[in-house]
Amino acid sequence: MGTRILIPSGALGLGYNKTALDRAVAAKPDLIAIDGGSTDSGPSYLGRGVSKYATESTKIEWQGLIEARATAGCPLVIGTAGTCGTDSTVDWLYDITLKILSDLGLSAKIARLYSEQDTAIIAQTPLFPLSAAPYIDSDTVKSCTHIVALAGAEQIQTALKTGAEIIIAGRTTDTAIIAALPLQNGNHAGAAWHGAKIGECGALCATNPQSGVILVDFDDTGFTVTPMADGAKASPHTVSAHMLYENSDPFILFEPGGHLDVTQATYTAINDVAVRVMGSKWEPSDTYTVKLEGARITGYQTILMAILRDAHYVENVQIWCDDIIEKLAVKVADRMELDPTTWHAELRIIGQNSNLGALEQRTSDATELGVLAILTAPDQATANTLGKMMNPYLLHHPLTQEEEQPTFAFPFSPAEIDRGAAYEFVLHHVMELANPMDAFRLVVTDV
Amino acid sequence: MSSVAQIVQKVRSKNAGPFWLTIDIFCGSPAAYAQITENISTERIAILFQTTPDQIKRFDIAGLNVVKFSLPRPTVQGSRTDRDMHGAGWAPLVAELDIN
């Protein structure tokens, strides 16, 4: 039995082509799968347990998929709901779903799959570092504001078996929501994971990537990927090249319960738009492990910005910045009772090396330069105080005592902008599970 | 003397999760692919990123005319010292390398 999965786009919030979606629904998919998040936008979303996309945008796009699901009569699955897949973002999308169903006068069976972990329990659990993982101890784990485990195909299958029509999953691997049904149907396991990886970004594996909508057909020997928008074409090159995307290894992909090996995969054009893939291998592992992600507060920040347009200062900007950092440290030591190891001040020179820092190779003759001040402290009030102490330097600091007092451009008043908590990712580890559902919870409701 | 950017289709850098960076050189033709594999050694990439060659995974993929490098991210994504949340800004470093 073949399995047809409809993927509307790379993520809920990126939009999709409505005509292409209607065409894909008419092709009678067995499941609609869409990703809701990633770590790519940084640690703040996981740290706070919030979505990066506006509720208003999410509601419109999610409503379109709920209507498509009702027409197709198949399950709709979202993985990593609300960018980070914490319990709070699963509930956020659940509330949006209830509102949509009520507006449309529809009912549905909804399964919520929760992936969030109790930090105190994880602190007691043996964790195994992945390559380039940071050093952690139990205090590091306990300091996380949120920890999530990445669910695999097994947890999604458990949700599907409840007969749920809409599945809102917390953190999952990008591929699990697509691979789960083909695996459950007994389709080729290597093809299930490989097709899921190719399809997880929607039409990014084809030309016209912004059109979003694709169909992936899985069977006993391989899979076929077909983009649905007018003018979008998949070719052996676009499909195989997608294995490069955001992957440190383009041939091996680790998942809960094993890994995918596409070294021997073959890609064949079956017509002008669709590609057939065979020869991918799934290698099961001896133990069942899930990856963890965690974020914690690294400090509170206040930022300021000044613009230097005076050529003399543009030319000597690094000396100017170094001098300010030095003088600020003296002033803070003199006026605040603050342990110098607990706060940090940095000036990034925009127009010179603010993107690459010490790795920058080029120099340029800039007309003007931006100087971005970043003050980090244990609490927001202290960061703001540091910002206020930085302010007079950014406004008036002279290169030498002899020259007339300069004044630089401030784009805002007040110059200090409180950024709130700054978060950092601290986990790049896996934990073993005896049973795939051990670290996950399922709640099913009829609404 | 020309640069990598002048002979290839595109150089892309992206996060591969918060702790890894991956750089794809899409050469666009077998001739450009041959030039890149000859000129861009793993050692040159290591020097560029101020790391050691053993930290770098290299994939020469002739079928796609692609050379790919992956390395632990120079700064962990989103940490206090990080300057580029999505990691796309490292590509120009490689694109601007000289080719003989």
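A:Val225 is in contact with A:Gly195, A:Ile198, A:Gly199, A:Cys205, A:Ile214, A:Val216, A:Ala234, A:Val239, A:Ala274 and A:Val275, leaving aside residues up to four places away in sequence. These contacts, like every feature discussed here, belong to a predicted model.

The largest nonpolar core comprises 153 residues, and A:Val225 is one of the four that touch the most other members, together with A:Ile32, A:Ala169 and B:Ile25. Within chain A, at least three residues of this core come from domain 1 (3-115 + 150-285) and at least three from domain 2 (297-425).

Attention may now turn to strand 7 of chain A, which spans residues 144-149. Five of its six residues are buried, so the strand is largely enclosed by the rest of the structure. Strand 7 of chain A pairs in the antiparallel sense with strand 5 (residues 116-117) of chain A, over two bridges. It also pairs with strand 16 (residues 288-308) of chain A, again in the antiparallel sense, over five bridges. A:Val148 takes part in both pairings: A:Glu116 stands opposite A:Val148, and the bridge partner of A:Val148 in strand 16 of chain A is A:Glu293.

The remaining topic is the interface between the chains. Here, 31 residues of chain A are in contact with 32 residues of chain B. On the side of chain A that touches chain B, helix 10 (236-241) and strand 19 (417-425) each supply at least two residues. Strand 19 of chain A gives the most, with four residues.

Conventions
Residues numbered from 1 in each chain as written. Chains lettered and ligands numbered in written order. Predicted model: local features only at pLDDT ≥ 70, side-chain atom pairs only at ≥ 80, totals over all residues. Core = buried A, V, L, I, M, F, W, Y, C linked by C-beta atoms within 7 Å. Buried ≥ 20, exposed ≤ 12 C-beta atoms within 10 Å, placed from the backbone. Domains from an automatic or database assignment. Contact = placed C-beta atoms within 7 Å. Pairing = 2+ DSSP bridges.
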